[in-house]
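Student: Could we go through this structure together? I would like to begin with the sheets and then turn to the interface.

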Amino acid sequence: MSIISRDFFVKNIIELIIRSETILPMDTVIALENTWQKESNTVAKSQLSAILKNIEIAREKKYPLCQDTGIFIFNVTIGKNIVIDFNINDAICEALRSATGTLPLRPNVVHPLTRENSLDNTGDGLPDITFNLTEGSDFEIFVYPKGAGSENMSRLAMLKPSQNEEIKRFVLETVFAAGGMPCPPIIVGVGIGGSFDLASRLSKKAALRPLDEMNDFEEELCDAVNTLGIGAMGLGGDTTALAVHVNTAHCHTASLPVAVNIQCWANRRAHKKFV
Amino acid sequence: MEHRLTTPLTKEAILKLKAGDILYLTGKVFTARDEAHKHILDALSHHRKLPFNLTGAVIYHCGPLLKKTGNSWQVVSAGPTTSERMTQMTPALVKNTGIRAIIGKGGMKGTAPLFRGRCVYLAYTGGCAVLAAEGISRVANVHWQNLGMAEAVWEFEVKDFGPLIVGIDSYGVDLYEKVLEKASEALKAIVMASDST
């Protein structure tokens with residue numbers, strides 16, 4: 001027997017979408033507050049306090065933080081013991097259509113060539129839903145709305161296997177080329193290895209990791225990024241990136257794929273554990 | 001330096017603003033993005049009168065989200081959009097309408113010489129859509145609504161709207177360009193250091 005009804009699931013996904021758009025995760029709020037505290041540039045400081053105020057108003061009023069409410073990425077973790085008697089993809093799409101009207105969300109989804117807007121934030125391939133199968137009895141949904149300003153600044157390179165030292169340069173050049181356009185302070189997700197497409201997925205996963213867990217290599221990259229001095233909104237300042245995260249996978253002996261995914265300060269993510 | 005100005009803006013008022021200064025604006029701003037720019041330029045080239053007066057006016061690169069209750073509009077979200085898309089249409093706007101300031105995000109590459117003695121570019125914090133909505137006290141009017149909510153020209157009455165950062169001043173100084181010049185030097189230094197190890 002199904003562990004939950006379709007109606008209950010849809011209702012909860014609508015709530016999850018609304019939460020992801022209106023309340024920023026605590027780790028990001030703390031990172032922004034710390035950044036504000038130690039910022040020495042007055043212009044950057046004014047931008048950071050505007051961001052912190054905006055976060056507070058959005059939470060109080062239950063309004064979307066940013067008018068670019070993004071496109072939607074869902075990650076479903078489901079255990080082998082879980083029985084569901086409805087189509088999860090369809091139910092997620094229904095919840096997204098409904099939230100588009102009620103919150104409201106900006107209708108952002110268009111056909112790539114005709115640019116015709118679906119008006120309900122769904123379309124071919126969107127929302128992007130991935131399933132992770134586990135051994136136990138988990139049933140958990142993660143949602144990540146992604147805006148275009150930062151996504152458009154992301155890049156991928158197929159480096160030569162001997163070009164290990166080029167990784168750092170590629171990350172820095174990507175952040176430099178982006179300047180103020182992805183709404184810094186940003187989070188930089190780097191995917192190294194795998195294949196052309198796996199590197200991209202790794203970079204997105206890396207961008208979505210909690211902000212307080214950088215290793216030495218990531219710290220080194222983050223320090224280098226912040227040396228550029230691009231600062232909040234590209235107007236100059238001490239902090240360009242709140243964090244740089246690197247996820248790796250094994251790859252072909254003849255390849256070295258590197259992907260850099262950029263996330264704006266509105267680092268929106270939320271999850272709901274059903275079981 | 002911090003300034004407080006009221007619209008319409010005079011040439012004397014904007015000459016006081018220097019790149020990097022902070023400004024809070026009271027008075028009126030006109031939203032205009034891609035389609036509104038096209039419409040304004042089209043009217044100018046055909047010598048048609050615009051339905052609004054842009055002398056001393058402030059243009060805001062913004063596609064707002066509003067709710068209508070009864071006969072009145074409520075602004076839900078009104079953050080800045082990327083100004084880069086309007087760069088090509090801006091010279092004609094600045095030269096022919098008498099606007100004194102443009103609010104947006106991300107800057108407008110190469111426009112500093114055009115702004116000299118005429119106009120300033122003001123940066124509003126990207127993503128701060130609900131904060132911006134708080135600074136708007138009233139919707140005074142809306143023009144060209146047939147373009148859709150995001151593309152129409154909205155006349156917003158604002159009070160202490162900001163913080164706005166003077167990104168490009170009327171002396172040809174572009175703060176974004178200065179930041180990128182420094183970043184470029186820092187990048188070269190890091191790359192050279194890692195090349196030599």
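**Sheets, interface and backbone**

Tutor: In this predicted model, strand E4 of chain A and strand E7 (residues 256-263) of chain A run antiparallel and are joined by five bridges.

Student: Which residue stands opposite Leu159(A)?

Tutor: Leu159(A) faces Leu256(A), which belongs to E7(A).

Student: And what is the strand order of the open sheet with E4 and E7 of chain A?

Tutor: The order in chain A is E4-E7-E5-E6, four strands with mixed pairing. Strand E4 (155-159) and strand E6 (241-251) of chain A are the edge strands, each pairing on one side only. On average, neighbouring strands of this sheet are turned by 15° against each other, direction ignored.

Student: Which helix packs on that sheet?

Tutor: Helix H7 (residues 196-207) of chain A does, and it touches E4, strand E5 (186-194), E6 and E7 of chain A. The direction of H7(A) makes about 145° with that of E5(A).

Student: What about the sheet that contains E2 and E8 of chain A, in what order do its strands come?

Tutor: That is an open sheet of four strands in chain A, ordered E2-E1-E3-E8, with mixed pairing. Strand E2 (128-134) and strand E8 (270-273) of chain A each have a single partner strand, so one side of each is left without a neighbour in the sheet.

Student: How many bridges pair E1 and E3 of chain A?

Tutor: Strand E1 (residues 71-79) and strand E3 (residues 139-146) of chain A pair over eight bridges, in the antiparallel sense. Within that pairing, Phe72(A) has Pro145(A) in E3(A) as its bridge partner.

Student: Which strands do helices H1 and H4 of chain A lie across?

Tutor: Helix H1 (residues 6-22) of chain A lies across E1, E3 and E8 of chain A and runs at about 40° to E3(A). Helix H4 (residues 88-102) of chain A lies across E1, E2 and E3 of chain A, at about 145° to E1(A).

Student: Which residue does Arg6(A) form a salt bridge with?

Tutor: Arg6(A) forms a salt bridge with Glu94(A), and their closest N and O atoms are 2.6 Å apart. Arg6(A) lies in helix H1 of chain A and Glu94(A) in helix H4 of chain A, so this pair ties together parts that are 88 residues apart in sequence. Over all chains, the structure holds 24 salt bridges.

Student: Let us change topic. How many residues are in contact between chain B and chain A?

Tutor: On the chain B side 33 residues are in contact with 34 residues of chain A. The area buried between the two chains is about 3100 Å², and carbon and sulfur atoms give 69% of that area. Val130(B), Leu187(B) and Ile190(B) supply 18% of the area that chain B buries against chain A, more than any other three residues.

Student: How many salt bridges are found across the interface of chain B and chain A?

Tutor: The rule finds one salt bridge across this interface. The side chains of Lys61(A) and Glu134(B) meet in a salt bridge, at 2.8 Å from N to O.

Student: Which elements of chain B give two or more residues to the side that touches chain A?

Tutor: They are strand E4 (65-69), strand E5 (72-77), strand E7 (120-124), helix H5 (129-134), strand E9 (153-168) and helix H6 (175-195) of chain B. H6(B) provides the largest share, eleven residues. The residues on this side of chain B divide into 21 nonpolar, eight polar and four charged.

Student: What is the phi of Met233(A)?

Tutor: Met233(A) has a positive phi of about 65°, although it is not a glycine. Met233(A) lies in the loop between helix H8 (216-227) and E6 of chain A. Most residues other than glycine have a negative phi.

Note on methods: Residues are numbered from 1 along each chain as its sequence is written. Chains are lettered from A and ligands numbered from 1 in the order in which they are written. This is a predicted model: local features need pLDDT of at least 70, side-chain atom pairs count only at pLDDT 80 or more; totals for chains, interfaces and linings use all residues. Side-chain values use heavy atoms; hydrogens and water are left out. Contact means heavy atoms within 4.5 Å. Buried area is the accessible area (1.4 Å probe) that two parts lose on being put together, summed over both. A salt bridge is a side-chain nitrogen of Lys or Arg within 4 Å of a carboxyl oxygen of Asp or Glu. Ala, Val, Leu, Ile, Met, Phe, Trp, Tyr, Cys and Pro count as nonpolar, Asp, Glu, Lys and Arg as charged, and the others, Gly among them, as polar. Two strands pair if DSSP finds at least two bridges between them. Axes are lines fitted to C-alpha atoms, for helices over the stretch in contact, and angles run from 0 to 180 degrees between N-to-C directions.
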